[in-house]
Amino acid sequence: MAENGIGESLLKKNKYHEDCPGCKIEHFKETNTGVPFKHLLYVGIVVLCAALPISSLFPFLYFMIRDFHIAKREEDIGYYAGYVGSAFMFGRALTSVLWGMIADRYGRKPVIMFGTISVVIFNTLFGFSTNFWMAVSTRFLLGSLCGILGPMRAYASEVCRKEYQALGMSIISTSWGIGLVIGPALGGFLAQPAEKYPNIFSTDSLFGRFPYLLPCLLISIFSVGVIAVCCLLPETLHSHGGNGEVCNDSVALGAAAFESNSPRKSLLKNWPLISSIIVYCVFQLHDMAYAEIFSLWAVSPRKNGGLSFSTADVGEVLAFSGLGLLLFQLFIYPLVERSFGPVMVSRIGAVLTIPLLSSYPFLAMLKGLALMLLINCASIVKNVLAVSITTGLFLLQNRSVTQQQRGAANGISMSAMSLFKAIGPAAGGSLFSWTQKRQDAFFFPGDQMIFFLLNMIEVIGLLLTFKPFLALPDDNIS
């Protein structure tokens, strides 16, 4: 094989550095042609830890804001809920590039470890929030200090041979999507435990006085275990100097042939990277706005066009969505991506999302078993389509740059995406409050308008996936 020949040639020229963690990973890939299941398991667990806190608050955020007594009217709760939902992403937007640069300079592992510790501390403090500003500040600090996802996206592509990179990105998207579904499920089932489970939790207990602490605390406890998993992660960044200096020359065994033909260039001038980031940001704006709006819509009263769900009902719907998402991403997505390519999969997902969201307002007309059956099916399909879109764009971004730029590239992607995601909940919450007040409007009354606006964002994202805007990366980049 050509790659084996390259590896042997480099070994003969003493290009392989025994003490370099990046070289060890490249040598592992060279000598192990199978799927790196152990490394991908670690990736999935760490990404799940990062994803769980992000949307675990959505099922109970409506009630949390109500308990803060900051909203003067019921219809205004969505405004304040949007600000709390946006605080995490706004913090992440400010620091993601910095975390990417640190990951490229000092390694992926230190950034991942620090981010996991931040989840333990600030997610727990959020559960102890007693007022609006404490909730906003703890979420902002959590987003600022948890720089896990960007380095993990780089890491997943670096521990896999090129033929398994789609699987690596799929694992990240799957864990991320499951976290964004299981997190709200935990929040829905475990928030306000003194009301839901009075035989176990009294109103005078810790969880009675802090009704939203339990789901946050369980996620933090899980994160403590993930810290141990982080210790098992092998570093992937090349360091060939005796003082730990990062190597910038192209000496990685598996990547040498490609990187020698791919001169490094400014990331901001790399249009395949920038165009895929822009498209990715538009879809992420849509997904975050949808996550905020769906939970607010589901728990809002039927008189305002909602479903009058409890937090437990929302948790049940999102738990079923997570199961469907897991099965799809593990067994179906890699096959679909191989057959159609990441861009076509993203387009198909965007097209199918539009009629699906158009049907949501009419689901509010149903009750009982029919409602639960259809809302569960719709939620599963929506999450599957959303993660299919983002997985394809993950692949395009990582294939657009070399390893030495991957951390910074993912940092830029995370900052831009986080900014759009910060806009999503704030805008979604405000628009939701506005639509709640126009139930008798002639043009798209009530919640029909909010789902119409979500579809408009999806259409914009779909149009941007076509040439000449979206440029495909050079296949020679590793």
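**Exercise 1.** Determine how the axes of helix α5 and helix α6 are placed relative to each other.

*Solution.* Step 1: take α5 as residues 77-106 and α6 as residues 108-127; helices are DSSP runs (H or I, at least four residues), numbered from the N terminus. This is a predicted model, where local features need pLDDT of at least 70, side-chain atom pairs count only at pLDDT 80 or more, and totals for chains, interfaces and linings use all residues. Residues are numbered from 1 along each chain as its sequence is written, and side-chain values use heavy atoms, with hydrogens and water left out.

Step 2: the two axes (lines fitted to C-alpha atoms over the stretch in contact, with angles from 0 to 180 degrees between N-to-C directions) come within 10 Å and cross at roughly 160°. Therefore α5 is roughly antiparallel to α6 (an angle over 145 degrees).

**Exercise 2.** Which residues of α5 and α6 meet?

*Solution.* Step 1: apply the contact rule, heavy atoms within 4.5 Å. From α5 come Val84, Trp99, Ile102, Ala103, Asp104 and Tyr106; from α6 come Arg108, Pro110, Val111, Phe114 and Phe126.

Step 2: sort them by class. The contact holds 9 nonpolar, no polar and 2 charged residues (Ala, Val, Leu, Ile, Met, Phe, Trp, Tyr, Cys and Pro are nonpolar; Asp, Glu, Lys and Arg charged; the others, Gly among them, polar).

**Exercise 3.** Which element gives the largest share of the lining of the largest cavity?

*Solution.* Step 1: α9 (165-190), α14 (271-299) and α19 (368-398) each give two or more residues to this lining (lining residues have an atom within 4 Å of a point; on a 1 Å grid over the protein atoms alone, a cavity is a set of points where a 1.4 Å probe fits but cannot get out).

Step 2: α14 gives the largest share, 8 residues.

Notes. Angles under 35 degrees count as roughly parallel, over 145 as roughly antiparallel, 65 to 115 as roughly perpendicular and the rest as oblique.
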